[in-house]
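This briefing is meant for a reader who is meeting the structure for the first time. Please look over the sequence and the model before reading on.

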Amino acid sequence: MYLDTHQGNAEATGLYEKYQAQYEKLKAEFEEKFGALTLGDNNSDEWLQDPWPWDNQ
């Protein structure tokens with residue numbers, strides 16, 4: 001929201017781009033190890049259909 005009202009702030013824009021790049025890198029690392037963080041075209045909610053731990057009694 002800050003960048004919406006302060007479009008000319010080069011320092012804030014630089015920080016945003018830096019943290020956005022860091023987020024994308026860390027998200028990709030996490031998803032490579034553990035799977036997708038959110039539902040999208042490449043994944044589904046199939047895990048909801050699996051038996052839950054308390055269903056295996």
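What follows describes the overall form, then the pairings, contacts and surface.

The structure is a predicted model, in which local features need pLDDT of at least 70 and side-chain atom pairs count only at pLDDT 80 or more, while totals for chains, interfaces and linings use all residues. Residues are numbered from 1 along each chain as its sequence is written, and side-chain values use heavy atoms, with hydrogens and water left out. The protein has two helices and zero strands, where helices (H or I, at least four residues) and strands (E, at least two) are DSSP runs numbered from the N terminus.

**Overall form**

- The radius of gyration, which is taken over C-alpha atoms, is 19 Å for the protein, whereas a compact globule of 57 residues would have a value near 10 Å; the globule rule behind that comparison is 2.2 Å times the number of residues to the power 0.38.
- Along its principal axes, the C-alpha trace of the protein spans about 60 × 20 × 20 Å.
- Buried residues make up 2% of the 57 residues in the protein, where buried means under 20% relative accessible area, exposed means over 50%, and partly exposed lies in between (1.4 Å probe, protein chains only).
- The protein exposes about 5600 Å², and carbon and sulfur atoms supply 54% of that area; accessible areas come from the Shrake-Rupley method with a 1.4 Å probe, and for residues only the protein chains shown count as cover.

- Leu3 is found in helix 1, which covers residues 2–5, and Leu3 is partly exposed, with a relative accessible area of 26%.
- Leaving aside residues up to four places away in sequence, Leu3 touches Asn9, Ala12, Thr13 and Tyr16, with contact meaning heavy atoms within 4.5 Å.

- Side chains of opposite charge can pair when their charged atoms come close.
- A search of the whole structure finds two salt bridges, each being a side-chain nitrogen of Lys or Arg within 4 Å of a carboxyl oxygen of Asp or Glu.
- One of them joins the side chains of Glu29 and Lys25 at 3.1 Å, N to O, and both residues lie in helix 2 (residues 10–34), four residues apart, or about one turn of the helix.
- Within that pair, Glu29 is partly exposed at 37% relative accessible area, while Lys25 counts as exposed at 53%.
- The side chains of Glu31 and Lys27 also meet in a salt bridge, at 3.6 Å, N to O, and these residues too lie in helix 2, four residues apart, about one turn of the helix.
- Here Glu31 is partly exposed with a relative accessible area of 25%, and Lys27 counts as partly exposed at 22%.

**Aromatic pairs**

- The count comes to two aromatic pairs, under a rule by which rings of Phe, Tyr and Trp (its six-membered ring) pair if their centres lie within 6.5 Å, with planes under 30 degrees apart counting as stacked, over 60 as edge-to-face and the rest as tilted.
- The rings of Phe30 and Phe34 have centres 4.9 Å apart and planes at 45°, so this pair is tilted.
- Phe30 and Phe34 are four residues apart in helix 2, which separates them by about one helical turn; Phe30 counts as partly exposed at 36% relative accessibility, whereas Phe34 is exposed at 61%.
- Trp52 and Trp54 form a stacked aromatic pair, with 5.3 Å centre to centre and 25° between the planes.
- Trp52 is partly exposed, with a relative accessible area of 33%, and Trp54 counts as exposed at 56%.

- Leu39, Trp47, Leu48, Trp52 and Trp54 make a nonpolar surface patch of about 580 Å²; patches are made of residues with over 30% relative accessible area and no salt bridge, with like charges joined within 9 Å and nonpolar side chains (Val, Leu, Ile, Met, Phe, Trp, Tyr) within 5 Å.
- Leu48 lies in the segment after helix 2 and is partly exposed, with a relative accessible area of 38%.
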